[in-house]
Amino acid sequence: MKITIVGSGYVGLVTGACFSEVGIDVECVDVDRNKIENLNKGIIPIYEPGLGEMITRNMDKGRLRFTTNIAKAVKGCDVIFICVGTPPDEDGSADLKYVIQVARDCGKYMDDYTLVVTKSTVPVGTSLKVKSAIKEELKKRNISIEFDIASNPEFLKEGAAIEDFLKPDRIVVGADSTRAEELLRNLYKPFTLNGHPIIVMDVVSAEMTKYAANSMLATKISFINDIANLCEIVGADINNVRNGIGSDGRIGNKFIYPGIGYGGSCFPKDVQALIKTGKEYNYDLQVLKAVEAVNKKQKAVLYNKILNYFNGDLKDKTIAIWGLSFKPQTDDMREAPSLEIVNSLLKAGANVKAYDPVAINEAKHHFGDSISYYSDQYEALIDADCLAVLTEWSEFKIPNFKIVQKLLNSPVVFDGRNIYDKSEMLKMGFDYICIGINTIKSLLKPELSSAC
Ligand code: UDX
């Protein structure tokens, strides 16, 4: 079996590496010459635990290759995975031009039966467009070659993508023929042997499943954030409430951690795209509109707490920040809450000193020299008026609080991820402000100023 992965971004690289890891011959394609040259030298464009080692290991074995030559990569392969980006256009819908271009290339260059699988997150109905584009190209060539299409959405989490691929909660396959279904069942056999299920359905349902899954998860987060804000006002503790509801098996204790809003490349984009799909079909997805609105508001919550703490005046205050990536184990800052928080702080005249274990280079693209960067988490605290934790990296969880207290101008911690224990923080003498627990009476202001 030979497979071709088109698009050597996050999904494409993880997919290619993991298939080659189980012995399959994989060719990864990308239009970005520079990226492919680097990959061929073993330079990986993204930070993902375990990915670099897996790629080089399989390149050395000769079963994982990188190329810009799509014509060659399409010829003679059994399965093609489309893993190119679908960036949102101005109105929030996914831009399909790259997906359709790959479909056209498949039609242009395939020379025998091929299964074309869409892995990129695409709106409902896209796989049919892929099919039409391939057909059109074959027609232009005046040739009849059998092919099938399938939809195989990915559910990888950044920072845990390898583990998610090797031991998936489930593999969803939307196939339009038994041949396509059998091919994909075969390909995924190494990953389903230990009871990880493969769920086969029609193509449209598979496309819908991806959006429904991400939208459901985003809904859980916005729901708990809304409840957390109310907890503060009524004097409840969101950690107790979270434990109280999470132990009900119907609700579950995962993905109900309050914070400063969801970010990343998937949730914001996918929620928007599903709302847009609803609109196209004249259906108003009211819950998802609220999910989005709450998330927008939540990204301003920590900044407002900082502003209120300092009586509305942040001019010349210095804020130390721990964590810039949208979540731990990644340098990804797409839609990260840190973007809005840091920009609001700067706009209000504050100085920002930031530390992140891996996202500093990425952060420089966003903030340039408007903030200062540190390679040591404690150094960022020197002469700062408070610490704000924006990402729950493990190394922030049990810091040396004595040093934190000594280095800060005053012992004030804003915890956007609720990683510290309220009573311990107060006992150590910190002013501790987190999400969904009102720890400082003077901050009990139901109306948050609109800042971000
Ligand atoms: C998500 C989905 O989990 C994955 O299945 C899909 O394929 C892509 O989108 P990812 O974006 O990598 O993965 O991150 P995830 O770990 O799901 O977190 C998304 C955001 O939600 C982060 O900003 C995170 O901080 C936030 N979050 C998550 C919360 O605020 N509370 C939670 O309880 C869980």
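**Note on the predicted model**

1. Helix α13 bends by about 30 degrees at V301, where the bend is the angle between axes fitted to the seven residues ending there and the seven starting there, and helices are DSSP runs (H or I, at least four residues) numbered from the N terminus. After α13 comes N311, with a positive phi near 55 degrees.

2. The model is predicted, so local features need pLDDT of at least 70 and side-chain atom pairs count only at pLDDT 80 or more, while totals for chains, interfaces and linings use all residues. Residues are numbered from 1 along each chain as its sequence is written.

3. The domain assignment, which is automatic or taken from a database, gives domain 1 (2-201) and domain 2 (267-443). Their centres, taken over C-alpha atoms, are separated by 35 Å. In domain 1, 13 residues are in contact with 13 residues of domain 2, contact meaning that C-beta atoms, placed from the backbone, lie within 7 Å.

4. Around the ligand there are 19 residues, the closest being E158, Y257, Y262, G264 and C266; a residue is counted if its C-beta atom, placed from the backbone, lies within 6 Å of the molecule. Helix α10 (residues 203-234) supplies the largest share of this shell, 3 residues, and at least three residues come from each of domain 1 and domain 2.

Key. Helices (H or I, at least four residues) and strands (E, at least two) are DSSP runs, numbered from the N terminus. Two residues are in contact if their C-beta atoms, placed from the backbone, lie within 7 Å.
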